[in-house]
Amino acid sequence: MASIQEVKWGFIGCGEVTEKKSGPAFSLIPGSSVVAVMSRNGERARSYAERHGIRRWYSDAQELLDDPDVNAVYIATPPSSHVTFAIMAMKSGKPVYVEKPLAATYEECLRVNRVARETGVPCFVAYYRRYLPYFQKVRDVVRQGAIGKVVGVQIRFAVPPRDLDYNRTQLPWRVQRDIAGGGYFYDLAPHQLDLLQELFGPITHVSGFCANRAGLYETEDTVSASFQFIDGLPGSGTWCFCAHDSARTDRIQIIGDRGQVSFSVFTYDPIVLCNEQGKQEFVIPNPAHVQMPLIQRVVEHIQGVGQCELDSVSATSVNWVMDKILGKL
């Protein structure tokens with residue numbers, strides 16, 4: 001695909017994630033701007049466009065894709081519609097940046113990859129934590145040998161139910177399997193799994209158990225898994241979305257033969273390194289718009305002046321791991 005010097009984005013979806021995490025970043029990068037936004041709720045699209053100084057808004061995705069001024073597309077809708085919109089955009093010849101996870105199932109990811117290959121149009125996925133300073137520090141600690149040879153990895157995550165989880169007549173889309181692909185596990189675990197696979201290579205063996213212990217909704221609220229990376233490194237994880245507040249946990253522990261490093265994924269608590277030199281803590285700030293480092297790489301790739309490796313193929317293994325854990329494969 002030929003490079004595009006002035007990348008003019010159209011947003012499909014304008015929900016919460018676009019307000020600060022991602023949306024403003026598109027217009028802060030040289031040679032990048034947002035020219036149109038779409039939501040099935042026309043009033044929401046109009047309001048978003050007016051508040052963010054965007055010239056055009058639509059309530060139909062095809063109309064946005066037909067806009068000749070739009071030459072790249074950001075998809076910020078729930079996972080069930082990612083594959084449809086991504087394929088529509090690629091067949092229109094427009095590069096795509098998709099919110100995570102890439103799709104609601106592993107099989108849908110393969111469809112996206114096939115169309116990307118056939119059209120030659122790139123599709124990128126928003127696993128933006130890879131490029132945040134906080135996680136780059138973790139990567140440096142591990143790769144510089146501060147904990148020696150890595151011998152094990154553990155994920156521990158537990159949170160109480162959210163207020164909306166008790167509203168059976170209007171449950172969040174994130175706990176509706178046909179929209180989200182699963183429950184909160186399918187929404188949050190992708191970031192953890194992507195970070196670990198970026199550090200240690202793909203997970204090649206995995207098994208898991210899932211349950212619904214609180215009965216607030218139909219999808220799983222408790223998950224346990226064991227997995228192994230390509231080089232034989234073992235790992236495990238537990239996720240609970242119905243815990244008491246006193247059990248609240250967000251931690252990944254990487255264990256080495258000369259120490260260990262632990263860090264959070266969502267709360268950005270201090271990174272803790274313990275080794276022969278003692279205990280050290282690192283407080284690493286992130287940019288105001290957390291997706292900006294990744295979006296900049298995506299824009300530079302489209303412009304032909306850089307390379308972003310976080311494409312749909314790179315992201316697909318996360319869905320494979322999750323679907324294996326949940327028994328969907």
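**Close-up views of a predicted model**

**View 1. Lining of the largest pocket.** The largest pocket has 46 lining residues, and those nearest its centre are Glu16, Val17, Trp173, Arg174 and Asp187. A pocket is an open set of points on a 1 Å grid over the protein atoms alone where a 1.4 Å probe fits, with protein on both sides within 12 Å along at least five of seven lines; lining residues have an atom within 4 Å of a point. This is a predicted model, in which local features need pLDDT of at least 70, side-chain atom pairs need 80 or more, and totals for chains, interfaces and linings use all residues. Residues are numbered from 1 along each chain, and side-chain values use heavy atoms, without hydrogens or water.

**View 2. Elements around the pocket.** Helices H1 (16-19), H4 (82-91) and H8 (184-200) and strand E11 (249-256) each give at least two residues to the lining of the largest pocket. H8 gives the most, four residues. Helices (H or I, at least four residues) and strands (E, at least two) are DSSP runs, numbered from the N terminus.

**View 3. The open sheet.** Eight strands form an open sheet in the order E8-E9-E10-E7-E11-E12-E13-E14, with mixed pairing. Strands E8 (203-211) and E14 (278-282) are at the edges with a single partner strand each, so one side of each has no neighbour in the sheet. Two strands pair if DSSP finds at least two bridges between them.

**View 4. The E8 and E9 pair.** E8 pairs with strand E9 (residues 222-229) over eight bridges, in the antiparallel sense. Gly208 has Ala225 in E9 as its bridge partner.
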